[in-house]
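Subject: Structure for your files

Hello,

Here is the structure you were going to look at. My notes on what was found in it follow below.

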Amino acid sequence: MWYVYFLELRNHDIYVGSTSDLKRRFRSHQNGDVVSTRAFSPVTLRSYIAVGTETVARSLEKYFKSGSGKAFARKRFDLSLSRHPLPSLGDKTLPPLAGHCACGSVRYRLLSPPMFVNCCHCRDCQRQTGSAFVINALIEADRVELLSGTLEPVAVPTESGLPHVIHRCRACRTALWSTYNGRPQVRFVRVGTLDDPAALPPDAHIHTRSKLPWVVLPEDAPAFEVFYDPQALWPKASLDRRRAAEGG
Ligand SMILES: [Zn+2]
Ligand SMILES: [Zn+2]
């Protein structure tokens with residue numbers, strides 16, 4: 001049985017921009033086992049850190065109870081650690097990872113945190129969305145549960161010439177997710193379709209060479225002119241997940 005551990009922090013004061021800092025910090029301290037972090041939500045005053053092993057979860061718990069952990073969180077906070085079997089996480093304890101299309105006929109939920117979140121500023125994404133960028137949460141296809149509705153795959157041309165298929169609601173044509181390079185095992189879920197898009201802040205900004213000039217990124221946000229080396233940037237647990245999903 002595969003488990004994921006959620007460390008939930010309540011009523012703390014970690015600012016939104018610190019999730020990448022949080023991740024970097026734990027990656028270096030914990031050998032890359034932090035699966036994902038959730039942005040501090042000013043509405044619920046909650047953050048989540050998801051990790052793949054109990055050892056790491058316990059050591060994070062210990063860190064947050066220590067002086068430096070308390071200093072990092074800036075004020076008193078409540079902490080709880082919970083373990084969830086995959087792929088049947090209970091809705092009540094999950095961060096809000098459900099989403100839907102504009103007309104509401106397609107509904108889905110993510111059964112675990114994604115492996116990585118990219119914010120792409122390339123011209124293809126700008127054109128396809130009619131906007132400044134797209135935010136994609138990369139997750140195994142079998143961890144996206146379709147609750148209702150029907151999707152229609154639409155192939156689009158790409159600059160690279162590699163396949164890109166956008167999956168749209170058959171009724172209202174909202175794009176819910178994409179698959180790339182003929183690898184349907186990994187979905188690029190459009191974060192804007194989540195009920196709480198703030199729950200999945202970008203882990204990296206890519207193709208920033210075509211970023212619109214008035215889009216200003218946080219100073220500590222990992223940003224790349226074109227792309228990055230996943231081996232260097234992704235947490236080890238995420239690299240393992242991707243390898244497993246793509247069949248080695
Ligand atoms: Zn729809
Ligand atoms: Zn793009």
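**What the model contains**

The chain has six helices and 14 strands; helices (H or I, at least four residues) and strands (E, at least two) are DSSP runs, numbered from the N terminus. This is a predicted model, in which local features need pLDDT of at least 70 and side-chain atom pairs count only at pLDDT 80 or more, while totals for chains, interfaces and linings use all residues. Residues are numbered from 1 along each chain as its sequence is written, and chains are lettered from A and ligands numbered from 1 in the order in which they are written.

Of the 248 residues, 36% count as buried. A residue is called buried if 20 or more other C-beta atoms lie within 10 Å of its own, exposed if 12 or fewer, and partly exposed in between, with C-beta atoms placed from the backbone. Two residues are in contact if their C-beta atoms, placed in that way, lie within 7 Å. Among contacts between residues at least 6 apart in sequence, 63% join residues at least 24 apart.

**Sheets**

Strands of a sheet pair through backbone hydrogen bonds, either parallel or antiparallel. Here two strands are taken to pair if DSSP finds at least two bridges between them.

Seven strands form an open sheet with mixed pairing, in the order S10-S11-S12-S13-S8-S7-S14. Its edge strands, each pairing on one side only, are S10 (151-156) and S14. The twist averages 30° from one strand to the next; axes are lines fitted to C-alpha atoms, for helices over the stretch in contact, and angles run from 0 to 180 degrees between N-to-C directions. Within this sheet, S8 and S13 run antiparallel and are joined by five bridges. Glu140 stands opposite Val186 in S13.

Another open sheet has three strands in the order S5-S6-S9, with antiparallel pairing. S5 (98-100) and S9 (144-148) are the edge strands, each pairing on one side only. Neighbouring strands of this sheet are turned by 25° against each other on average, direction ignored. S6 (residues 107-110) pairs with S9 over four bridges, and the bridge partner of Leu110 in S9 is Val144.

**Nonpolar cores**

In soluble globular proteins, nonpolar side chains tend to be buried together. A nonpolar core is defined here as a set of buried Ala, Val, Leu, Ile, Met, Phe, Trp, Tyr and Cys residues joined through C-beta atoms within 7 Å.

The largest core has 32 residues, of which Cys120, Ala137, Leu138, Ile139, Val189 and Val191 touch the most other members. Two or more residues each come from S6, S7 (116-120), S8 (134-140), S12, S13 (186-190) and S14. S8 gives the most, with five residues. Leaving aside neighbours within four places in sequence, Val189 is in contact with Leu110, Asn136, Ala137, Ile139, Val144 and Trp177.

A second, separate core of five residues includes Phe6, Leu7, Ala57 and Leu60.

Leu60 is found in helix H2 (residues 54-65) and is buried, with 22 other C-beta atoms within 10 Å. The C-alpha atoms of Leu60 and Leu81, 21 residues apart along the chain, are separated by 9.7 Å.

In H2, Val56, Ala57 and Leu60 are buried. Seen down the axis of H2, these residues fall within an arc of 100°, so they line one face of the helix; the arc is that of the directions from the helix axis to the C-beta atoms. The face turned away from the buried side carries the exposed residues Glu54, Lys62 and Lys65.

In H6 (residues 236-245), the buried residues are Ala237, Ser238 and Arg241. They also fall within an arc of 100° seen down the axis of H6, so they line one face of that helix. H6 is followed by Gly247, whose phi is positive, near 75°.

**Two backbone angles to look at**

Most residues other than glycine have a negative phi. Arg173 is not a glycine but has a positive phi of about 70°. Arg173 lies in the loop between S11 (164-169) and S12 (175-180) and counts as partly exposed, with 13 C-beta neighbours inside 10 Å.

His207, also not a glycine, has a positive phi of about 55°. His207 lies in the loop between S14 (204-206) and helix H5 (230-233). His207 is buried, with 22 other C-beta atoms within 10 Å.

Regards
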